[in-house]
Amino acid sequence: MFVITENHLECVLLVNTELLVHGPYKTHHFSTTCMLAKRVQIIKYFHHHSYHFEGSKRRFFEGWYFRLTLPEEKTSFAFIYTIEDPAFTGCLSDFDRREYGPRFPGTGAQIMEGENNFLFQYSQETRNFWANRHELALGNTFVAHPGQIPPKDEVSSQEFQASVEQGYQVSSVWHQGFLCDDGRLSNTQTMKSVKWQYSTKPVFGWGDTISKQKATAGWLAALPVFEPHWQICMAGGLSTGWVEWGDKRHEFKDAPSYVEKNWGGSFPKKWFWAQCNSFDKSPGFISLTIGGGQRFLPLTRSYEEVALVGVHYNGKFYEFAPWKGPVEWEISPWGYWHVKAQNALYEVEVIGTTDDSGTPILCPTENGMAPRCRDTFYGDLKLELWERTSTGARGRPVLSVTSNMAALEVGGGPWDSTWRHRSESGRIAKMLLGLPIDVASLYKWFPSRMPPGL
């Protein structure tokens, strides 16, 4: 349930354990004392969930990914929102171009559905985009109704419909919008319009459900030590509402949902990704996220290859990252994903495959948004998790499940051959990253110096 404190109007999410044990499709108990209150913060639940733009004129992007899975219809939707170079808007002046170099101000919305169904709407006008600096909430108005002023914050559903003709707004518990493809991608099969409204009950953040949630990349994510940053905001949630994709209306109740984001000055040079929270004959609510890439290290002006695996199952978080133990991967240019990892207590192995051709997705690049990655919602995936014995061998099985609705992705490049690598932090790095440092709490004494997004 949500608990509201009298002095701070803060929200803490405590998940009903019966929901986690019996799964989202059998049990729908989710007691709340509040569902959506203006300016309520879900503390303990989201980490790095708010807007990270600090106001500078350096190259900057921030992107949010919301996935909605409809198991009964065997389809998924991805809502992908981006803002680039928000210190500028429209076409750069000659002065700005000489003073700051290439900049590509703009905000976009990409919607992907099923197999090769896609919609893209984009504007160089960044002033109608807004995002909250204290909680997960953002929106953009591409077209306002005549005589109406675009919202600059989250508004009621009725206010949004009255003022916004084409646009969206989304928070941790509510998502709505209406978008029209603007015809920019003439070589891609697109849908003309999409309209949606749905609410979400968060179940998993990034960590045990009864513990404070974690930064996906550890406490160093609060510092400018790598680019880009990555955070899983909600590894698993249950969404109820509807989506009208063209002429077809999809209605759903307690559909699995997922939220993540990236931010920084550059996207990875090369990467792979997998996500799934709909498994066949699942013994409970399970969420899997895998991500790996070549990320930039500004302090050394070099790149490193890292990856991690996160599994949420029955309220427990199984974390596998280079500072916890070895992570190995074998990723083909398309069609095969194989990742193995260990920590002190557990071992995980994931194999994903697909015969689907995939859908091109636009990503931030040095020259603005470009189709630099490929996604599918129809990956065949097997997830296995074991306890480790005292000798380090595989012990008692914890989980063995399969799915044919995994999201699989590769991006960047070059992808001339299979990518094989093993990543594990050194002893000193493991020790540092393993320290229980809560960066946000340190700034409570100096709130004016707190970095955006914490």
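Modeller: Residues are numbered from 1 along each chain as its sequence is written, and side-chain values use heavy atoms, with hydrogens and water left out. This is a predicted model, so local features need pLDDT of at least 70 and side-chain atom pairs count only at pLDDT 80 or more, while totals for chains, interfaces and linings use all residues.

Colleague: What is the mean pLDDT of the protein?

Modeller: pLDDT is the predictor's confidence in each residue, from 0 to 100. Over residues 1–45 it stays under 50. In the protein, 85% of the residues reach 70 or more. The mean is 86.

Colleague: How many helices and strands are there in the protein?

Modeller: Both are DSSP runs, numbered from the N terminus: helices are H or I with at least four residues, strands are E with at least two. The count is 5 helices and 25 strands.

Colleague: What percentage of the 454 residues is buried?

Modeller: Buried means under 20% relative accessible area, exposed over 50%, and partly exposed in between, with a 1.4 Å probe and protein chains only. By the Shrake-Rupley method with a 1.4 Å probe, the accessible surface comes to about 19,700 Å², and 52% of it belongs to carbon and sulfur atoms. The buried share of the residues is 57%.

Colleague: In what order do the 11 strands of the open sheet stand?

Modeller: Two strands pair if DSSP finds at least two bridges between them. Strands of a sheet pair through backbone hydrogen bonds, either parallel or antiparallel. Here the pairing is antiparallel, and the order is β7-β6-β5-β4-β14-β13-β12-β11-β10-β9-β8.

Colleague: Which strands stand at the edges?

Modeller: Each edge strand has a single partner, so one side of each is left without a neighbour in the sheet. The twist averages 20° from one strand to the next, using axes fitted as lines to C-alpha atoms and angles from 0 to 180 degrees between N-to-C directions. The edge strands are β7 (117–123) and β8 (129–131).

Colleague: Which residue of β10 stands opposite Leu138?

Modeller: Leu138 belongs to β9, where Ala131 stands opposite this leucine. β8 and β9 form a hairpin with 5 residues between them, joined by 3 bridges. β9 pairs with β10 (residues 164–171) over 7 bridges in the antiparallel sense. The β10 residue opposite Leu138 is Val170.

Colleague: How many residues of β9 are buried?

Modeller: β9 spans residues 137–144. The strand is largely enclosed by the rest of the structure, because its buried residues number 6 of the 8.

Colleague: How many bridges join β13 to β14?

Modeller: The two strands form a hairpin with 2 residues between them, and Gly246 there takes a positive phi near 65°. Gln231 stands opposite Lys261 in β14. β14 also pairs with β4, over 8 bridges. For β13 and β14 the number of bridges is 13.

Colleague: Is Asp254 buried or exposed?

Modeller: Most residues other than glycine have a negative phi, and most peptide bonds are trans. Asp254 has a positive phi of about 55° although it is not a glycine. Asp254 lies in β14 (residues 248–264), where 13 of the 17 residues are buried. With a relative accessible area of 1%, Asp254 is buried.

Colleague: What is the relative accessible area of Lys74?

Modeller: Lys74 is not a glycine either, and has a positive phi of about 55°. Lys74 is found in the loop between β4 (61–70) and β5 (75–84). Lys74 is partly exposed, at 38%.

Notes
Contact means heavy atoms within 4.5 Å.
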